[in-house]
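This briefing walks through one protein chain, topic by topic. Keep the sequence and the 3D view open while reading.

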Amino acid sequence: MNDKRFLILAVVLAALLLTLSLLKMPGKITNKDAIKFKEEYENLNGKTNENSKKKYRTVKIDSKNKIVYSSAKEVLKMMKEKKSFVVYFGFDSCPWCRSVVENVSKISKELDEDIYYVDVKEIRDVYELDDENKPKLTKEGDKNYLKLIKKLDSVLKEYTLTTADDNEVQVGEKRIYAPNIVSVIDGEAKELTTGLSDKQTDGYMTLTDEMKQESYKKIKKVVQEVVNHNNTCDLDKGC
C-alpha cells in the first residue's frame, strides 16, 4: 500500500515539474491576451477605413508582449487599491493608436511590465456642435468611464470640438483621447503621453525612423516610471 502511495505521489510530482518546466520554456506557453492583442490590431493590416477611405497602417505586434486586457471598472478598482501600473487607452481602428502600438507592445516586453489595455471606442461621451456651435451630448458614456475621467482629471486634457472656422469649443469635461498612455503611482495618475512624435501631423502619414524613436522614448519614459517605482523597496514594508 505504501509503495502504491509513493508511486502516485511520484507521478503527481513529475507532472508538476513538467508543467513548471514548460512554463519556463520560450515559445511553449503563450499569453492569451498577448495573442488577442496582436490579432486584433494586425487583422486590420491592408484594409481600408470606410470613413476616411485610407488604408490602415500595417503594424506588427510581438506575440510575447505584456498587454493585459482591462476595463474602466478594473482600472478604477486598481486605483482604489493604490496600485502602481501603466494603462494604454486606445482602439484598433484609431490611426493615431496604430502609430504607437508597436512601441507600446515592444516596451512592455523589453521592460517586462504589464500594460493594461482599455478599448475606449464605445465607452466615451460623444458631443457634437449644434447649428449655433454649442456642444450637444449625442451619446452618453459608460458610467465607469465617467468616474474614470474624474480620477484621471489631473493628467487629462479638455474635451474640445472644432468649428468650421477652426475655433475650439470646450464641452465642459475632460476626455480620454486615443491614444493616451498613463502611469499610475500608488493609485494616483502621475503622467500621460500620447506617445506620438511631435512631427506627426496625420494619423496615416509615413513615420520616419526619427519619429518612431521619439515615440519610443516618450512611451518608455512613462512605463519606466512605474517599473522604477515597483522595484524600489518601501521603508515600512521592505522589499
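In this predicted model, valine 100 touches Pro179, Thr194, Gly195, Leu196, Ser215 and Ile219, if neighbours within four places in sequence are set aside. Valine 100 belongs to helix 4, which spans residues 97-110.

**Valine 100**

- Is valine 100 buried or exposed? Its relative accessibility is 1%, and buried means under 20%, so valine 100 counts as buried.
- One of its contacts, serine 215, is 115 residues away in sequence, yet the two C-alpha atoms are 6.8 Å apart in space.

**Glycine 90**

- Glycine 90 is part of strand 2, residues 85-90.
- The relative accessible area of glycine 90 is 0%, so this residue is buried.
- Beyond four places in sequence, glycine 90 is in contact with Tyr41, Cys97, Tyr117, Val118, Asp119, Val120 and Ala178.
- Between the C-alpha atoms of glycine 90 and alanine 178 there are 4.5 Å, although 88 residues separate the two along the chain.

- Five strands form an open sheet in the order 1-3-2-8-9, and their pairing is mixed.
- Which strands stand at the edges? They are strand 1 (67-69) and strand 9 (188-193); each has a single partner strand, so one of its sides has no neighbour in the sheet.
- On average, neighbouring strands of this sheet are turned by 30° against each other, with direction ignored.
- Strand 8 (residues 180-185) and strand 9 run antiparallel and are joined by 5 bridges.
- Valine 182 has leucine 192 of strand 9 as its bridge partner, while valine 184 stands opposite alanine 189 in strand 9.
- The hairpin of strand 8 and strand 9 has 2 residues between the strands, and aspartate 186 in this hairpin takes a positive phi near 50°.

**Helix 3 and the sheet**

- Helix 3 (residues 72-80) packs on the sheet and touches strand 1, strand 2, strand 3 (115-119), strand 8 and strand 9. The direction of helix 3 makes about 160° with that of strand 2.
- Which residues of helix 3 are buried? They are Ala72, Val75, Leu76, Met78 and Met79.
- Seen down the axis of helix 3, these buried residues fall within an arc of 160°, so they line one face of the helix.
- An α-helix has 3.6 residues a turn, so residues three or four places apart point the same way.
- The other side of helix 3 carries the exposed residues Lys73, Lys77 and Lys80.
- Strand 2, strand 3, helix 5 (143-151), strand 8 and strand 9 are what the buried residues of helix 3 pack against.

- The residues Asn144, Tyr145, Leu148 and Ile149 of helix 5 are buried.
- Around the axis they cover an arc of only 140°, which puts them on the same side of helix 5.
- Lys143 and Lys150 are exposed, on the face of helix 5 turned away from its buried side.
- The cover over the buried residues of helix 5 includes helix 3, strand 2 and strand 7 (168-175).
- Helix 6 (residues 209-230) lies across strand 2, strand 3, strand 8 and strand 9, and runs at about 20° to strand 8.

**The whole chain**

- The chain has 6 helices and 9 strands.
- Of its 239 residues, 40% are buried.
- Among contacts in the chain with a separation of 6 or more, 68% are between residues 24 or more positions apart.

**Confidence in the model**

- The chain has a mean pLDDT of 90, and 85% of its residues reach 70 or more.
- Where does pLDDT stay under 50? This is the case over residues 22-30, for which the model has 6 contacts beyond four places in sequence.
- Where pLDDT is low, the predicted coordinates should not be read in detail.

Technical notes: Residues numbered from 1 in each chain as written. Predicted model: local features only at pLDDT ≥ 70, side-chain atom pairs only at ≥ 80, totals over all residues. Heavy atoms only, no water. Helix = DSSP H or I, 4+ residues; strand = E, 2+ residues; numbered from the N terminus. Buried < 20%, exposed > 50% of the residue type's maximum accessible area, 1.4 Å probe, protein only. Contact = heavy atoms within 4.5 Å. Pairing = 2+ DSSP bridges. Axes fitted to C-alpha atoms, helices over the stretch in contact; angles between N-to-C directions. pLDDT = per-residue confidence, 0-100. Arc of directions from axis to C-beta.
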